[in-house]
Amino acid sequence: MIELNNVAYSYGGGELLSEIDLTIQPGDFYFLTGPSGAGKTTFLKLCYGDLTPTAGEARLFGQDVRTMDRDAHAMTRRRIGVVHQDCDFLDHLPLADNVALPLTVSDRNDLEQVANLKELLSWVGLKQRAKALPPELSGGERQRAALARAVIMSPDLVLADEPTGNVDWEMSQRLLQLLIELNKMGKTVIIATHDMNLIRAAKAKVQARVLRIANRHVQLAGADL
Ligand SMILES: Nc1ncnc2c1ncn2[C@@H]1O[C@H](COP(=O)(O)OP(=O)(O)OP(=O)(O)O)[C@@H](O)[C@H]1O
């Protein structure tokens, strides 16, 4: 699903990430951790083809990111749902329309998809908030809406960048449960987080592996978390 072979990334200064060798298989559940500024968001961007490695090879769904044309990029991106760290929404659009934006953009606003939208809003517990505008939402509601928007196109891979930032423990458990349910439905999940308690809680429920970024390298952490 994702293959990184000796990948490095630099924004122009020295290398931020170096010598990454990693294969993510369908159905895997990973956490990605490391200090602030270590490169977690950058790593996720390499995983969804938003960034091209400055050295080495990244293959997404079998295709080399360097040689993908625009159509291949678009097809690949459709298979990946991203929950961005800042949960940006269009403030003038109701929550349901914000969640449905990926459908609107890809011209898939048919009846079946509208039914899926309702189901999805119930799944994240936001059915009653469908008409609310983004500025009226709580932090937890925003995070759940961002997750719903990321999965509305039914992606194979879900990448979540600090999906439980700015929410209390109870809400972070609820979000975690949604991500675990997605994984049980067969989706591959990668979650970037600082929250070691969240990782411990997940490990009791799902077979999760932990990647740690340290000194520019991405390494699989041991079981001693
Ligand atoms: N577009 C960019 N241009 C230049 N430098 C960047 C760019 N994006 C990120 N960086 C730098 O790369 C480093 C890693 O950033 P990144 O956001 O990947 O880290 P992170 O581990 O996700 O951090 P955090 O936990 O604080 O979100 C930081 O020093 C950041 O300032």
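What you're looking at is a predicted model, where local features need pLDDT of at least 70, side-chain atom pairs count only at pLDDT 80 or more, and totals for chains, interfaces and linings use all residues. Residues are numbered from 1 along each chain as its sequence is written.

Two strands pair if DSSP finds at least two bridges between them. Four bridges also join S9 (residues 209–214) to S10, but here the strands run antiparallel. Look for Ala 214, whose bridge partner in S10 is His 217, and for Arg 212, whose partner in S10 is Gln 219. S9 and S10 form a hairpin with two residues between them, and Asn 215 in the turn has a positive phi of about 50°.

Now zoom out to the whole sheet. It is open, with six strands in the order S6-S7-S8-S3-S9-S10 and mixed pairing. Strand S6 (80–83) and strand S10 (217–220) are at the edges with a single partner strand each, so one side of each has no neighbour in the sheet. On average, neighbouring strands of this sheet are turned by 20° against each other, direction ignored.

Helices lie against this sheet too. H5 (residues 139–151) lies across S6 and strand S7 (157–161), running at about 165° to S6. Such angles run from 0 to 180 degrees between N-to-C directions, and axes are lines fitted to C-alpha atoms, for helices over the stretch in contact. H6 packs on the sheet as well, touching strand S3 (29–33), S7 and strand S8 (188–192), and its direction makes about 155° with that of S8. Touching has a cut-off: two residues are in contact if their C-beta atoms, placed from the backbone, lie within 7 Å.

Helices meet each other, too. The axes of H6 (residues 169–184) and H7 (residues 196–203) come within 11 Å and cross at roughly 45°. H6 and H7 are therefore oblique to each other (under 35 degrees counts as roughly parallel, over 145 as roughly antiparallel, 65 to 115 as roughly perpendicular and the rest as oblique). Ser 172, Gln 173, Leu 176 and Ile 180 in H6 meet Leu 198, Ala 201 and Ala 202 in H7. By class, this contact of H6 with H7 has five nonpolar, two polar and no charged residues. Here Ala, Val, Leu, Ile, Met, Phe, Trp, Tyr, Cys and Pro count as nonpolar, Asp, Glu, Lys and Arg as charged, and the others, Gly among them, as polar.

H3 (residues 95–105) and H5 pack at an angle of about 30°, with their axes 7 Å apart.

There's another open sheet, with four strands in the order S2-S1-S4-S5 and antiparallel pairing. Strand S2 (17–24) and strand S5 (63–64) are its edges. Two bridges join S4 (residues 55–60) to S5, with Leu 60 opposite Gln 63 in S5. H1 (residues 40–47) lies across strand S1 (2–9), S2 and S4, at about 130° to S1.

Finally, find the ligand: the residues around it include Tyr 11, Gly 37, Lys 40 and Thr 41. By class, this shell has three nonpolar, six polar and one charged residues.

Technical notes
A residue is near a molecule or strand if its C-beta atom, placed from the backbone, lies within 6 Å of it.
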